Amino acid sequence: MSAEFPYVRPRRLRRSPAMRRLVAETRLHPAELILPAFVSEGIAEPRPITSMPGVLQHTRVSLRKAAVEAAEAGVGGIMLFGLPEVKDAVGSEGTNPDGILQQAIRDVVAEVGDRLVVMSDLCLDEFTDHGHCGVLAEDGSVDNDATLARYAEMAVVQAEAGVHMVGPSGMMDGQIAVIRRALDEAGHQDVSVLAYTAKYASALYGPFREAVNSSLKGDRKTYQQDPANAREALRELELDLAEGADLVMVKPAMLYLDVLRQVADASPVPVAAYQISGEYAMVEAAAANGWIERERTILETLTSIRRAGAEQILTYWAVEAARMIEQQ
């Protein structure tokens with residue numbers, strides 16, 4: 001072996017923090033992060049979510065403060081979820097102009113204006129007494145087309161409250177087209193639609209169900225996507241684009257990086273990913289036990305999602321991660 005061997009030394013580009021920063025292929029930016037936030041009706045103080053340490057069910061007052069905090073950290077958006085006191089079979093509070101979600105939209109828009117993109121979850125599961133994402137048929141199944149009519153109503157009510165972007169998460173066939181048409185006909189052409197294009201029937205939604213006081217019995221496998229299928233996500237992408245989606249999303253993120261990469265490679269519109277409650281909770285639990293380095297792990301998970309093709313990331317660490325990114 002000659003003294004000149006090896007000729008190529010990749011380690012030259014890893015020798016210092018400055019060098020690694022210079023040649024980094026993937027970068028995180030606070031503006032790419034979106035904070036999911038829960039606001040609950042009928043509580044006097046913010047309520048901790050036990051399975052998601054650090055995450056709260058907000059009051060309207062504390063939500064305003066959280067939105068300002070996110071804007072000051074440079075976070076790009078906030079996704080609002082409303083938790084009503086009263087639920088019924090058709091999720092009536094989801095279309096009540098004075099329902100908790102619509103009040104929260106008005107509060108946040110009044111507080112931060114255009115400093116954040118204010119988004120709202122457009123789904124019925126938080127509002128129904130059965131916990132499903134739609135209206136039930138007589139046999140107990142979710143009635144796709146009856147649910148679409150409810151989504152159209154929700155879209156208009158949320159738009160009238162001032163939301164910038166709606167996020168239909170129910171995985172009903174045709175939902176993007178119906179919502180887009182309803183918004184346009186009501187004069188809300190400027191309200192954009194984030195399509196939950198590939199939302200999988202994951203086992204990792206458990207903490208979220210605590211967060212939204214879910215009433216669900218059973219599962220959502222008849223309408224959310226089968227975890228075994230990747231190619232199906234591209235079919236969903238094609239349909240959502242044809243129906244007018246402005247952005248598309250893969251959910252969950254970390255267990256579906258392969259799907260995220262395929263969607264990102266095929267999509268002509270921005271691609272988001274949702275780092276869901278179970279992904280958050282697993283990291284927090286492992287860190288609390290001293291098994292992993294918490295802050296490094298947070299940034300590594302977000303980098304993996306960004307590297308796989310997500311241009312926007314919904315994460316419960318949005319504000320904290322934004323601050324860590326700025327400190328690097």
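Are Y280 and Y316 buried or exposed? Both residues are buried. The model is predicted. The count of aromatic pairs comes to 8. Two of the pairs, Y274 with Y316 and Y280 with Y316, are set out below.

**Y274 and Y316**

- The ring centres of Y274 and Y316 lie 6.1 Å apart, with the planes at 50°.
- Y274 belongs to strand 9, residues 271–274. Y316 sits in the loop between strand 10 (312–314) and helix 11 (318–327).
- The pair therefore ties together parts of the chain that are 42 residues apart in sequence.
- Y274 and Y316 are both buried.

**Y280 and Y316**

- Y280 and Y316 have ring centres 5.7 Å apart and planes at 70°. The angle is over 60 degrees, so this pair is edge-to-face.
- Y280 is in helix 9, residues 277–288. Its partner Y316 is in the loop between strand 10 and helix 11.

**Ring cluster**

- Ring pairs join F38, F81, F208, Y274, Y280, Y316 and W317 into a cluster.

**Charges over rings**

- K251 places its charged end over the ring of Y274, 4.3 Å from the ring centre. Y274 is also a member of the ring cluster.
- K199 has its charged end over the ring of Y205, at 5.9 Å from the centre.

Conventions: Residues numbered from 1 in each chain as written. Predicted model: local features only at pLDDT ≥ 70, side-chain atom pairs only at ≥ 80, totals over all residues. Heavy atoms only, no water. Phe/Tyr/Trp six-rings, centres within 6.5 Å; stacked < 30°, edge-to-face > 60°. Helix = DSSP H or I, 4+ residues; strand = E, 2+ residues; numbered from the N terminus. Buried < 20%, exposed > 50% of the residue type's maximum accessible area, 1.4 Å probe, protein only. Lys NZ or Arg CZ within 6 Å of the ring centre and 35° of its normal.
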